[in-house]
Structure formats: structure tokens, C-alpha cells
Amino acid sequence: MATKHSEKPEPLSRISSIAQSEGAQPSPSSRSSTSSWSEEPVQSNMDISTGHVVLSYMEDHLKNQDRLSKEWEALCTYEPDSTNSSVGEDPKNSSRNRFPESLPYDHSRIILNENINSSGSDYINANAIVDTDPKAPAYIATQAPLPNTLGDFWQMVWEQGSVVIVNLTHLSESEILKTPYWPNKGSAIYHIYELHLVSEHVWCDDYLVRSFYLKNLETQETRTVTQFHFLSWTKDGVPTSPKALLEFRRKVNKSFRGRQCPIIVHCNDGVGRTGTYILIDLVLTRMTKGAKEIDIAATLEHIRDHRENLVRTKEQFEFALTAVAEEVNAILKALPQ
């Protein structure tokens with residue numbers, strides 16, 4: 001829970017402001033519109049032949065709705081090897097779950113240090129999603145924090161070493177946004193973590209970025225955390241077009257580049273939009289790293305091994321295919337001919 005608010009800003013010298021990194025004038029707790037900023041260029045380090053094969057595969061899937069429907073039906077019957085969620089089902093943890101049908105698998109759940117936790121619990125509704133290295137998760141998929149799990153959320157951020165948060169909750173979701181897990185101005189304390197809002201920049205109607213200064217009050221250690229908030233993706237729906245989300249993803253990855261820690265991704269339940277974003281990002285990241293074969297359905301099964309029902313609807317799966325195809329096409333156009 002947030003227990004204290006302060007309007008006193010931290011010294012600028014101790015803050016790595018997102019405004020500074022983009023060339024704007026530093027302004028603690030500032031809100032500014034930067035919709036005129038240039039778009040991030042697409043990454044062009046992809047094998048040309050692989051790109052064409054993948055693009056052809058994606059376009060064929062999107063044109064052949066019967067094939068797409070059958071693939072989605074097969075995905076709906078997929079059963080991971082381990083689906084035990086006994087910790088999340090424990091009655092003592094029921095108040096920490098936003099939705100009782102969206103619980104973390106035991107084998108991949110994020111475990112908090114119970115000796116530090118305000119409730120003496122190690123539970124949070126969140127799962128680690130790995131790519132190839134089981135010891136180094138690429139993502140953490142989680143629900144939007146509840147009023148009684150705000151301290152748990154920031155404990156997870158701190159303990160996992162995460163510096164980037166992707167927030168996919170829509171502005172209409174007032175039950176989530178009326179109790180934000182960050183201060184709208186100044187600072188707030190969540191258990192033993194002090195969070196100071198350094199800056200808030202609106203890039204366009206679809207997304208904004210907030211920069212925070214996070215301090216562990218027990219150890220006095222500090223770090224900067226950046227939250228990217230996509231504003232126009234409704235629950236169980238899809239964005240009107242992939243363009244804004246792909247641009248949003250490029251900005252997230254520009255901020256994250258070179259980091260060796262998981263990106264925290266959440267929507268309301270940490271399932272539908274969260275899974276769709278992770279699926280798109282994981283496929284495109286694998287491609288730009290030189291993967292020769294890409295199977296989106298198999299990749300979805302892979303991330304579903306870590307958290308139940310990631311990508312909730314056929315529409316979201318089709319959107320993921322469309323987004324990947326559009327980005328691959330943009331990458332191919334950017335490659336030297």
C-alpha cells in the first residue's frame with residue numbers, strides 16, 4: 001500500500017530521466033506532449049531469405065481463414081505438461097488475485113522474499129516467461145496490481161532487477177487506473193520502496209512513458225524504472241492497427257537494449273493483451289537475432305507453458321500474425337537491396 005506522499009523532488013543528478021535520454025529538457029514530474037518526435041527506425045539485422053519465407057507464411061495464414069481457424073482450435077486444446085496452480089488457489093492468496101480464473105502456474109511463478117514482504121508471503125500473481133535460458137527470464141507476465149498488492153508489485157520489480165514495465169491497461173479500465181500503482185506527482189512509499197515520478201511524456205494518443213526513481217528504504221539503493229503505457233488497447237480486443245503498437249514496441253526495446261533482466265508486462269489479468277504483446281515481441285526478437293525458422297503457433301504454446309491462456313482470443317492471435325507480418329515487411333524494406 002502507498003503510505004506517504006511527498007512533493008519534494010529528488011536531485012536531478014541522481015535521476016536518469018527519459019526526457020534527457022531523448023534530448024528533451026529535463027523536468028522532474030513533468031508532463032509534456034512529444035507526439036511530434038520521430039518514429040523509431042525498424043531494426044534491419046534480419047536474414048533476407050528468412051524474412052521473405054516468414055512473410056509469405058504469415059500472409060498465407062491471414063488470407064486462409066479456414067487454416068487460421070483450425071490452427072486456433074488446435075491451440076485451444078493445447079495442454080502444458082504442468083498446469084498446477086495450487087499456490088494461487090490457496091484461500092489465503094485469494095485476495096491477491098484480480099480474477100480467480102487467471103492464476104500463475106506453480107512451476108514458473110515469481111516467488112517473493114517472504115522475510116521482506118509486508119504480509120510475510122512469497123506469493124504474487126505473476127509468472128516468469130523464458131525464451132531459451134531457463135535461468136534468465138525474458139519477461140514477467142502479471143496482472144495489474146490490486147490496492148492490497150502494491151507493495152508486492154514493487155517488491156517484485158526490485159527483486160527481479162526489472163527496469164522496464166509495459167502497461168497495456170486501457171484508459172476505460174477505471175477499476176484499475178483509479179488506484180494506480182505509481183504516484184501521479186511527487187513520490188509515494190509502497191512498503192519499503194519509495195517511488196518518485198520523474199517525468200511523464202505523452203508521445204501520441206496511443207501511448208506515453210513515465211520515468212520513476214525507485215529507492216529501497218532499507219538498503220538506500222536506488223535505480224531508475226521506466227513504464228511504457230499503451231492507452232488504446234481494450235480488454236479482449238485488439239488495437240485498430242498494428243502500426244502504433246509496433247512503434248510502441250520499438251521504443252520499449254530501445255530503452256531496454258542491453259539489459260539482462262526481465263521486462264514486466266501486464267494488462268488487467270496478465271493474460272490476453274499481455275500474452276499477445278509477449279508473443280509479438282518474442283517472435284520478432286528471435287527473427288532479428290537470426291532465427292531461421294519461425295512458428296508462431298509453437299511460440300504461443302511455448303509461452304503458454306509458463307502462464308495459462310496467454311493470448312485469450314482468436315482475434316488477438318490473428319492480430320499477432322498481422323503485426324509480425326507488418327514488421328517483417330518493414331524490415332525487408334529497410335534492408336539494403
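## Salt bridges

A salt bridge here is a side-chain nitrogen of Lys or Arg within 4 Å of a carboxyl oxygen of Asp or Glu. By that rule, Asp 269 pairs with Arg 312, with the closest N and O atoms 2.5 Å apart. Asp 269 sits in the loop between β11 (263–266) and α8 (272–288) and Arg 312 in the loop between α9 and α10, so this pair ties together parts that are 43 residues apart in sequence. Helices and strands are DSSP runs numbered from the N terminus: H or I with at least four residues for helices, E with at least two for strands.

A word on the ground rules: this is a predicted model, where local features need pLDDT of at least 70 and side-chain atom pairs count only at pLDDT 80 or more, while totals for chains, interfaces and linings use all residues. Residues are numbered from 1 along each chain as its sequence is written, and side-chain values use heavy atoms, with hydrogens and water left out.

## Arg 312 and its other partner

Arg 312 also meets Asp 236 in a salt bridge, at 3.4 Å from N to O. Asp 236 lies in the loop between β10 (222–230) and α7 (242–256), and Arg 312 in the loop between α9 (296–304) and α10 (314–334), so here the linked parts are 76 residues apart in sequence.

How enclosed are these side chains? Take buried as under 20% relative accessible area, exposed as over 50%, and partly exposed as in between (1.4 Å probe, protein chains only). Asp 269 is then buried at 5%, whereas Arg 312 at 29% counts as partly exposed, as does Asp 236 at 34%.

## The wider set

The structure holds twelve salt bridges. One of them joins Arg 96 to Asp 152, with the closest N and O atoms 3.8 Å apart. Arg 96 is in the loop between α4 (86–89) and β3 (109–111) and Asp 152 in helix α5 (residues 150–159), so the pair ties together parts that are 56 residues apart in sequence. Both Arg 96 and Asp 152 are buried.

## Helix α8

α8 has 17 residues, and 15 of them are buried, so the helix is largely enclosed by the rest of the structure. Its length checks out too: at 1.5 Å a residue (times one less than the number of residues) it should span 24 Å, and its end C-alpha atoms are 25 Å apart, which agrees. Just after α8, Gly 290 takes a positive phi of about 100°.

## Pocket and cavities

A cavity is a set of points where a 1.4 Å probe fits but cannot get out; a pocket is an open set with protein on both sides within 12 Å along at least five of seven lines; lining residues have an atom within 4 Å of a point. Points are joined across faces, edges and corners, and a volume is the space filled by probe spheres set on them.

The largest pocket has a volume of about 720 Å³. It is lined by 25 residues, with Ala 138, Phe 256, Arg 259, Thr 285 and Lys 289 nearest its centre. α8 gives the largest share of that lining, five residues.

There are two cavities of 30 Å³ or more. The largest cavity, about 40 Å³, has Ile 124, Asn 125 and Phe 153 among its lining residues. The second largest cavity is about 30 Å³, and its lining includes Asp 236, Asp 269 and Arg 312, the residues of the two salt bridges described above.

Definitions and conventions:
On a 1 Å grid over the protein atoms alone, a cavity is a set of points where a 1.4 Å probe fits but cannot get out, and a pocket is an open set with protein on both sides within 12 Å along at least five of seven lines; lining residues have an atom within 4 Å of a point.
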